[in-house]
Amino acid sequence: MGERTVGRAAFLGIVGAGVAGLFVGRDVVGAVGRLVPDRVVSLVPSSGWRIYTIGTSMPALDPEAYRLRIDGLVQRPVTYTLDDLRAMGLEEQVSDFHCVTGWSVADVHWRGVRFERLLRDAGPLPGAAWLRFVSAEVPYDDILTMEQALLPDVMLALDMDGTPLSRPHGSPARVVMPRMYGYKSVKWVDRIEVRREFRPGYWEQRGYDSDAWVGDSNGG
Ligand SMILES: Nc1nc2c(c(=O)[nH]1)N[C@H]1C(S)=C(S)[C@@H](COP(=O)(O)O)O[C@H]1N2
Ligand SMILES: [Mo]
């Protein structure tokens with residue numbers, strides 16, 4: 001099967017006529033990502049997920065060569081290997097995952113690093129108000145306020161359901177923000193930019209809300 005575009009009908013259904021006018025003049029008709037070919041989806045053991053990517057193939061990040069950079073409004077930019085991240089002491093959580101197009105996966109087990117710990121060495125400077133997550137899948141990115149990123153169920157996840165993240169789910173590191181729709185949970189993260197100012201993420205540039213609270217954003 002080739003690629004299939006999904007999401008538009010579901011999105012328009014969610015938005016409804018009442019608020020559709022808010023998006024006039026903005027490009028919201030693009031669907032939220034594309035399904036990758038079945039061949040790849042079938043490698044994913046867990047059910048319920050759709051695998052999204054904005055490109056025609058997914059980044060293949062070598063765990064040995066992987067580096068996470070934290071820069072921007074910090075005392076000192078830092079770079080971490082995967083071993084560095086795992087040595088920080090991983091936290092665990094079980095949370096549901098919701099895509100704005102209407103599918104959900106309940107009770108996902110995540111293990112990863114909380115942002116309070118992740119930012120400690122870099123040292124955010126006064127005025128640091130936003131974290132921008134940059135994907136190796138250029139130009140995908142998204143952003144959270146510092147306050148949102150420090151909520152107790154938000155993390156940079158390295159493991160999902162007991163094993164290291166698979167490539168389709170964002171190996172080796174992805175954001176998990178369960179209270180917001182899935183587009184905030186950037187996969188294949190290789191840079192975190194600490195910012196003073198807001199900057200719209202990939203889907204926000206296409207009309208979606210930055211405060212993407214599940215059940216209380218994007219018109220629904
Ligand atoms: N780099 C990147 N991250 C991404 C996306 C994407 O296309 N590229 N899609 C987002 C959307 S819309 C959703 S719902 C989730 C889906 O996560 P999954 O692909 O692990 O199922 O990833 C999010 N993170
Ligand atoms: Mo999504």
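## Polar contacts of ligand 1

A polar backbone atom of Ser 185 lies 3.0 Å from a nitrogen atom of ligand 1; a polar contact here is a pair of N or O atoms within 3.5 Å. Oxygen atoms of the ligand take part too: one is 2.5 Å from a backbone N or O atom of Arg 50, and there is a distance of 3.4 Å between an oxygen atom and a polar backbone atom of Ile 54. On its own, ligand 1 exposes 530 Å², and the protein buries 100% of that (accessible areas by the Shrake-Rupley method with a 1.4 Å probe).

This is a predicted model, in which local features need pLDDT of at least 70 and side-chain atom pairs count only at pLDDT 80 or more, while totals for chains, interfaces and linings use all residues. Residues are numbered from 1 along each chain as its sequence is written, chains are lettered from A and ligands numbered from 1 in the order in which they are written, and side-chain values use heavy atoms, leaving out hydrogens and water.

## The shell around it

Around ligand 1 there are 22 residues (each with a heavy atom within 4 Å). Those that come nearest are Arg 50, Glu 137, His 169, Arg 174 and Lys 187. Sorted by class, the shell holds 13 nonpolar, five polar and four charged residues.

## Aromatic pairs

Eleven aromatic pairs are counted, with ring centres within 6.5 Å; planes under 30 degrees apart are stacked, over 60 edge-to-face and the rest tilted. One tilted pair joins Trp 130 and Phe 198, 5.0 Å centre to centre with 55 degrees between the planes. These two residues are 68 residues apart, with Trp 130 in strand E7 and Phe 198 in the segment after strand E12 (strands are DSSP runs of at least two residues, numbered from the N terminus).

Methods. A polar contact is a pair of N or O atoms within 3.5 Å; within protein, one must be able to donate a hydrogen and the other to accept it, and residues adjacent in sequence count only if both atoms are side-chain atoms. Ala, Val, Leu, Ile, Met, Phe, Trp, Tyr, Cys and Pro count as nonpolar, Asp, Glu, Lys and Arg as charged, and the others, Gly among them, as polar. Rings of Phe, Tyr and Trp (its six-membered ring) pair if their centres lie within 6.5 Å; planes under 30 degrees apart count as stacked, over 60 as edge-to-face and the rest as tilted. Helices (H or I, at least four residues) and strands (E, at least two) are DSSP runs, numbered from the N terminus.
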